[in-house]
Amino acid sequence: MSQQARTVTATAKQGGILDVKSLVLLAILLAAGFILNMTLGNALAIVGIKPQFIIAAYALAILLTDAGLVQAAVFGVISACVIQLTTSIPGLNFATELAGALVMAALIKANVNVGGKNITPLVAAFLTTLVSGALFAVCGTLIMGAALPTVVVKVPLVLGTAVFNAIVVQALFFPLEKVLNK
């Protein structure tokens with residue numbers, strides 16, 4: 001009796017909300033973002049800018065996968081899970097990163113050009129970080145029991161972080177896009 005070995009072939013699902021390629025890309029970017037948050041982010045906090053590389057990571061993942069709203073929402077929630085390891089207010093990032101991811105997904109459909117240069121990553125990442133940071137500042141202030149007007153002192157920090165993340169995302173998007181052959 002001759003026995004023939006069974007062969008099993010598996011292919012990564014392409015497209016869809018939770019395709020393997022997109023999740024692997026997000027995982028790699030989140031790992032890099034987490035390490036950068038813990039090292040460079042903490043070092044830069046001394047000068048008053050606290051970059052949020054996790055936000056930059058999911059913004060890049062949304063850009064590179066051309067994620068729709070549902071996939072972006074999943075990316076935002078997964079990113080919020082990672083942020084729970086370092087956040088000052090556990091749980092709040094589930095709302096803020098979900099909102100940020102949805103803003104990013106909505107904005108990547110715009111084609112913002114200045115002088116023939118595509119600055120969609122810059123604008124989208126800036127507004128994504130601004131929305132996420134502003135929500136965190138306002139909600140965090142209320143959760144901690146402080147008066148809402150005290151949020152004003154956090155405005156420069158949120159704006160600085162948004163500018164920093166926008167530059168990071170703009171600088172990394174096109175090289176990563178080429179590496180991924182998009």
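Modeller: What follows goes from the overall fold to single residues, and the model is a predicted one.

Biologist: Fine. How many helices and strands does the protein have?

Modeller: The protein has 6 helices and 2 strands. Along the sequence the pattern reads α-α-α-α-β-β-α-α.

Biologist: What share of the residues is buried?

Modeller: Of the 182 residues in the protein, 36% are buried. The accessible surface comes to about 9900 Å², and carbon and sulfur atoms account for 72% of that surface.

Biologist: And contacts between residues at least 6 apart in sequence: what percentage join residues at least 24 apart?

Modeller: Within that set of contacts, the figure is 69%.

Biologist: Let's go to the core. How many residues are in the largest nonpolar core, and which have the most contacts inside it?

Modeller: The largest nonpolar core holds 30 residues, and Leu29, Ile62, Met104 and Val169 have the most contacts inside it. Two or more residues come from each of helix 1, helix 2, helix 3 (69–83), helix 4 (92–107), helix 5 (120–143) and helix 6 (155–179).

Biologist: Which of them gives the most to this core?

Modeller: Helix 2, which supplies 12 residues. As a general point, nonpolar side chains in soluble globular proteins tend to be buried together.

Biologist: Stay on helix 2. Why would you call helix 2 largely enclosed by the rest of the structure?

Modeller: Because 13 of the 13 residues of helix 2 are buried. Helix 2 covers residues 53–65 and reaches 18 Å from its first C-alpha to its last, close to the 18 Å expected at 1.5 Å a residue.

Biologist: Is Leu64 buried or exposed?

Modeller: Leu64 lies in helix 2. Its relative accessible area is 2%, under the 20% limit, so Leu64 counts as buried.

Biologist: How far is Leu64 from Ile108 in space?

Modeller: The C-alpha to C-alpha distance between Leu64 and Ile108 is 9.9 Å, and the two are 44 residues apart in sequence.

Biologist: Back to Leu29. What is Leu29 in contact with, leaving aside its neighbours within four places in sequence?

Modeller: With those neighbours set aside, Leu29 is in contact with Ala57, Leu60, Ala61, Leu64 and Leu176.

Biologist: Now helix 1. Where does Ser22 sit, and what does Ser22 touch?

Modeller: Ser22 is in helix 1. Not counting residues up to four places away in sequence, Ser22 touches Thr65, Gln71 and Phe75. Ser22 has a relative accessible area of 6%, so it is buried.

Biologist: And Val20, which class does Val20 fall into?

Modeller: Val20 is found in helix 1, which covers residues 20–44. Val20 is at 44% relative accessibility, so it counts as partly exposed. Together with Val24 and Ile28, Val20 makes a nonpolar surface patch of about 260 Å².

Biologist: Changing topic: how many salt bridges are there?

Modeller: The count is 1 salt bridge. Lys109 forms a salt bridge with Asp66, and the closest N and O atoms are 3.0 Å apart.

Biologist: What does the backbone do at Asp66?

Modeller: Just after helix 2, Asp66 takes a positive phi of about 50°. That is a positive value in a residue other than glycine.

Biologist: Last one, helix 5. What do the buried residues of helix 5 pack against?

Modeller: They pack against helix 2, helix 4, strand 2 (117–118) and helix 6. The buried residues of helix 5 include Pro121, Ala125, Thr129, Ser132, Gly133 and Gly140.

Biologist: How long is helix 5 from its first C-alpha to its last?

Modeller: Helix 5 has 24 residues and reaches 34 Å, close to the 34 Å expected at 1.5 Å a residue. Just after helix 5, Gly145 takes a positive phi of about 85°.

Note on methods. Residues numbered from 1 in each chain as written. Predicted model: local features only at pLDDT ≥ 70, side-chain atom pairs only at ≥ 80, totals over all residues. Heavy atoms only, no water. Helix = DSSP H or I, 4+ residues; strand = E, 2+ residues; numbered from the N terminus. Buried < 20%, exposed > 50% of the residue type's maximum accessible area, 1.4 Å probe, protein only. Contact = heavy atoms within 4.5 Å. Areas by Shrake-Rupley, 256 points an atom, 1.4 Å probe, with all protein chains shown as cover. Patch = residues over 30% accessible without salt bridge, like charges linked within 9 Å, V, L, I, M, F, W, Y side chains within 5 Å. Salt bridge = Lys/Arg side-chain N within 4 Å of Asp/Glu carboxyl O. Expected span 1.5 Å × (residues − 1). Core = buried A, V, L, I, M, F, W, Y, C linked by side-chain atoms within 4.5 Å.
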